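Work through the exercises below with the sequence and the coordinates at hand. Each task is followed by a stepwise solution.

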Amino acid sequence: MKSVTVTGPGRLETVEIPRPVTGPRDVLVKMKACGICGADPHALQEGGIMPGAASSPMGHEPAGEIVEVGAEVTGLRVGDRVVIDPTGVADAIIGGGGPQGALSEYLAVREATAGRNVIVMPDHVPWHVAALAEPLAVARRCVDKTGPRPEHQAVVFGAGPVGLGALLALKAHGVRHVVVADVQPNRLEKAIALGADAVIDSRTEDVRARLVELHGEGTDAFGRPGLPGTDIYLDAAGVPAVAQTVFAGPKLGAVFGIVAIYHQSVEVDFQQLIPSELTIVHSMGHPTEMAAVAQDIAENTDKYALIVSDVVPFAETARAIDLAGRPGATDKVVVTFD
Ligand SMILES: NC(=O)c1ccc[n+]([C@@H]2O[C@H](COP(=O)([O-])OP(=O)(O)OC[C@H]3O[C@@H](n4cnc5c(N)ncnc54)[C@H](O)[C@@H]3O)[C@@H](O)[C@H]2O)c1
C-alpha cells in the first residue's frame with residue numbers, strides 16, 4: 001500500500017509498504033480522508049515529527065471504512081464509517097512519529113474500542129467533513145475546560161479551523177452569545193456563516209470597546225468600571241495582542257482558555273489581575289473529546305462542512321501540505337482517497 005512519509009527536511013515521499021497486519025483486538029481501516037494539520041508543513045520542513053528519524057509517516061486526522069475486525073473486538077463491524085483518535089491507540093500515536101500515519105491507504109487501530117478510539121459516523125457525513133473530528137476535538141477540549149454555561153457570553157480569538165471549532169463547541173454548550181475576532185475578513189465571514197452572533201476585525205476595531213458594546217459592562221472586585229462583560233475568552237490565535245486584550249481587565253470571575261500555541265512570550269501583571277479572579281486554563285490535545293465532536297458533526301454536518309476550504313486527492317498530498325503551509329492561501333485542507 002502507499003504511505004506518505006517524510007524522509008528528511010523538506011523531503012516528502014510516497015512509499016510502498018506492506019499493509020498492516022491486525023490482531024484479534026484490532027481493526028483495519030481503509031482510509032477515506034485525512035485532514036492536513038497546520039503543524040504538518042512545519043514537520044515536513046524540519047524532517048519529520050521527530051526530527052532526525054529515518055522516516056516519519058504523516059497524517060493524524062483520519063476518517064475511513066472498517067475492512068477487517070479482529071475476533072475479540074465488540075461494537076464495530078466491517079463497513080462501518082469511522083473516525084479514529086490517533087492519540088488513543090495502543091501503540092504509537094498515529095502520524096505522531098510512530099510507525100503508522102493516516103496519509104496511508106490503510107491503518108491498523110490497535111486495541112480498537114468502539115466509541116473511544118474508533119467512533120462510528122452516520123452515512124450522511126461526507127468523508128472530508130468526518131475528518132474534522134480530530135482537529136476540532138482540540139477546540140472542544142479547551143472550550144469544555146472553560147466551563148461554559150447557557151447564560152455566558154464568549155469571545156473566540158482566531159477564526160481558523162480551531163477557532164471555528166471553538167465557536168461550534170460553545171454553541172453546542174448553549175452559550176448565548178459568541179463573538180469571533182480575527183484579522184482576516186474572509187475568515188470572519190465564515191464565522192458568521194457558522195453562527196457567530198457578531199464578529200470583530202481586530203485590525204481595525206478596538207476589541208475591548210466592541211466587547212463592551214456587545215456584552216455590556218462588567219466590573220471587578222474593586223468595582224472598576226468599563227470592563228467587558230465577557231465571561232469566556234478563548235484564544236485560538238496565539239498572538240500577544242490577544243493575551244494583552246484579556247489581561248487589560250477581565251470582569252470578576254472571567255475565564256481565559258488558551259488552546260493556541262504561542263511563539264512569543266507575553267508579559268503579565270498578575271497584581272492587576274487579582275481583583276478579576278481570572279481563571280486561566282490551557283488545553284492540550286483531546287484525550288476524551290472526539291466522540292462528542294463526532295456527534296456534533298453528525299447533527300450539524302452542513303455547518304462543519306463550511307470549515308473545509310480545499311479537498312485534495314491523495315495522489316496530490318504534497319500539494320495539500322504545501323497549500324496548508326501558505327498563510328492566507330487556505331482555511332482547512334483535507335486529503336481524500338478513492
Ligand atoms: N493545544 C493544542 O493541543 C493544539 C493542537 C492543535 C493546534 N493548536 C493551536 O491552535 C491554534 C489555532 O489553530 P488553527 O489551525 O485554527 O490556526 P490558524 O493559523 O488557521 O488560525 C489562527 C487565526 O488567528 C488569527 N489571528 C492572528 N492574529 C490575531 C489577532 N490579533 N486577533 C484575532 N485573531 C488573530 C489568524 O488570522 C488566523 O485566522 C494554533 O496556535 C495551533 O498551533 C493547539
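Domain bounds here come from an automatic or database domain assignment. The model is predicted: local features need pLDDT of at least 70, side-chain atom pairs count only at pLDDT 80 or more, and totals for chains, interfaces and linings use all residues. Residues are numbered from 1 along each chain as its sequence is written, and side-chain values use heavy atoms, with hydrogens and water left out.

**Exercise 1.** State which domains the chain has and how many Å separate their centres.

Solution. Step one: the assignment gives domain 1 as 2-132 + 307-336 and domain 2 as 136-282. Step two: over C-alpha atoms, the centres of domain 1 and domain 2 are 31 Å apart.

**Exercise 2.** Describe the interface of domain 1 and domain 2 by contacts and buried area.

Solution. Step one: with contact meaning heavy atoms within 4.5 Å, seven residues of domain 1 touch nine residues of domain 2. Step two: buried area is the accessible area (1.4 Å probe) that two parts lose on being put together, summed over both. For domain 1 and domain 2 this is about 660 Å², with 52% on carbon and sulfur atoms. Step three: Leu132, Ile307 and Asp331 supply 81% of the area that domain 1 buries against domain 2.

**Exercise 3.** Find how many salt bridges cross the interface of domain 1 and domain 2.

Solution. Step one: the rule asks for a side-chain nitrogen of Lys or Arg within 4 Å of a carboxyl oxygen of Asp or Glu. Step three: the side chains of Arg187 and Asp331 form a salt bridge at 3.0 Å, N to O.
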